Amino acid sequence: MSEKGSSLRQPAPAANSAALEREVADLIVQALNLEVTAQDIDPDAALYGEGLGLDSIDILEIALVVSKQYGVQLRADSEENEQTFRSLRHLVEYIAAHRTK
Amino acid sequence: MARTAATLPAGDHVLNACADRYRFTVGLAASLLSSKVSLLPSTHTPEVIRQLAAFAPDVFCLTDAAHCDIDLPRVHYADGSDRTGSHGSHDPPWQPPEIDSGQVAAYVFTSGSTGTPLPYKKTWGRLLLCVRNGAERLGLRDGRAYALVSTVPPQHMYGFESSVLLGLQSGGAVCAERPFYPADVCSAHAAIPRPRVLISTPIHLRALLAAEVSLPTTDLIVSATAPLPQELAREVEHRLSTRLLEIYGSTETGQIAARRPAHTLEWRLWPDVSLTSKDGQTWAQGGHIEQPTAMCDVLESTGADRFLLHGRLADLVNIAGKRSSLAYLNHQLTSIQGVVDGTFFLPDETPASRTGVTRVVAFVVAPELDAATLVNELRKRIDPAFLPRPMLFVDRLPRNSTGKLPQEALRAFAAAHLKSAT
């Protein structure tokens, strides 16, 4: 199945973030060996605690794969960090804003 | 410290839930001065809090969190003008007051097989003796004032001994923050003066090596909660140009031995501690240990004060430095309404994860329940580290005619079900 609009080069924020969302969801599912599939992850559902049910070990694991893939170093001292793991969407926004790869 | 002591209510037992290491330490000292006993359970789930209140009905909670939902009377730690410097900086050394060595400083808890946490009394004198011996063995009593930064919470026995008490005893400084992400571990470490020590665990050390960050020069790295493979120890020493020492201990006994894993597999016991073998179990006694204690691992004596670590006893699980027993977890699972039968299982293989963590699996017979409800009920009872992954619903468990679940049958059952689940 091909992605919609994949041949267009103009920035289309909605399509780009959806694609990045899928990519990051895939990364998470693979890194953590989760039972759900990337499609199952509701972008607005909580990642930590209830919701996807991840704990701090998982967060560390995600931080590592994210840093390898996108060159983003997650930190706890930023204002936005409370929000970063609020949901997949928040995480993806953070990555999009800070990625170096 | 006196100010904090004045804010503590009348109860003789305190659950010190301060996340900030400095506040925790002041809270601990204030409690000691008021002859209050600090309770240190391994987790703060609603179920454990309930059990804590049953153990000590006058317990209250000291917290520094903006939103604390621990179901106990709460006192919020009040920062005053004694907290100088910007956050993240180390705190100046302070003199511990005179506390009677026989005073009960704390109770720590382990997961019993009956589903109720078991309390272990810790007297002040023995705690200090243990930590002083530890400081000696770690090479921290060379007259220099070491600064410590740790990734371990102060409530965990390891963090309690090796960051809080070690800091008090060494006269050096302890970083109040608890860094988590590799980038933060590096900056917290760079912010403290040398000589400096990183007190951490295999999970965080693996993460440090895997992340693309460069750790500033460090004078010592200490690891505990799970044995570090020698190759990993050598890699840490090589890449970070430092010594790495490992500590071995237990919640019940505190730390009892250390080794330098890059050089040797053998552990060396603390002064006056000895091991004996009885009915296939290893017992530790003497020195700072409160009473002869059965160890949860198989230890083989190789000399008067040396031993090799051969792995844990069958029932025990250690995930990310947290310890529990399968019997305890099973008890929690089967006590949930709607669960007809169930069991946890620890698979043998370690997955290829960067943090090296193997999760427990659970098989549940619960025709009326859905997964979400069941997980929520579990979450109220057990530490998140032990939430099963995956949790599989089955028709029945392979119990034999006497109702027991033989290890071999469970192993085969698990192999079949886990294969088909992927």
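**View 1. Chain B splits into domain 1 (122-312) and domain 2 (316-421).** These bounds come from an automatic or database domain assignment. We're looking at a predicted model, where local features need pLDDT of at least 70, side-chain atom pairs count only at pLDDT 80 or more, and totals for chains, interfaces and linings use all residues. Residues are numbered from 1 along each chain as its sequence is written, while chains are lettered from A and ligands numbered from 1 in the order in which they are written.

**View 2. Here is where the two domains of chain B touch.** Their C-alpha centres sit 30 Å apart. Domain 1 of chain B brings 12 residues to the contact and domain 2 of chain B brings nine (in contact: C-beta atoms, placed from the backbone, within 7 Å). On the domain 1 side, helix 7 (residues 202-210) of chain B supplies the largest share, five residues. Helices (H or I, at least four residues) and strands (E, at least two) are DSSP runs, numbered from the N terminus.

**View 3. Now chain B meets chain A.** Here 21 residues of chain B contact 15 residues of chain A. Helix 7 of chain B gives the most to chain B's side, with three residues. That side has 16 nonpolar, two polar and three charged residues. Ala, Val, Leu, Ile, Met, Phe, Trp, Tyr, Cys and Pro count as nonpolar, Asp, Glu, Lys and Arg as charged, and the others, Gly among them, as polar.

**View 4. Residues 84-91 of chain B stay under 50 in pLDDT.** That score is the predictor's confidence in each residue, from 0 to 100. Chain B's mean is 90.
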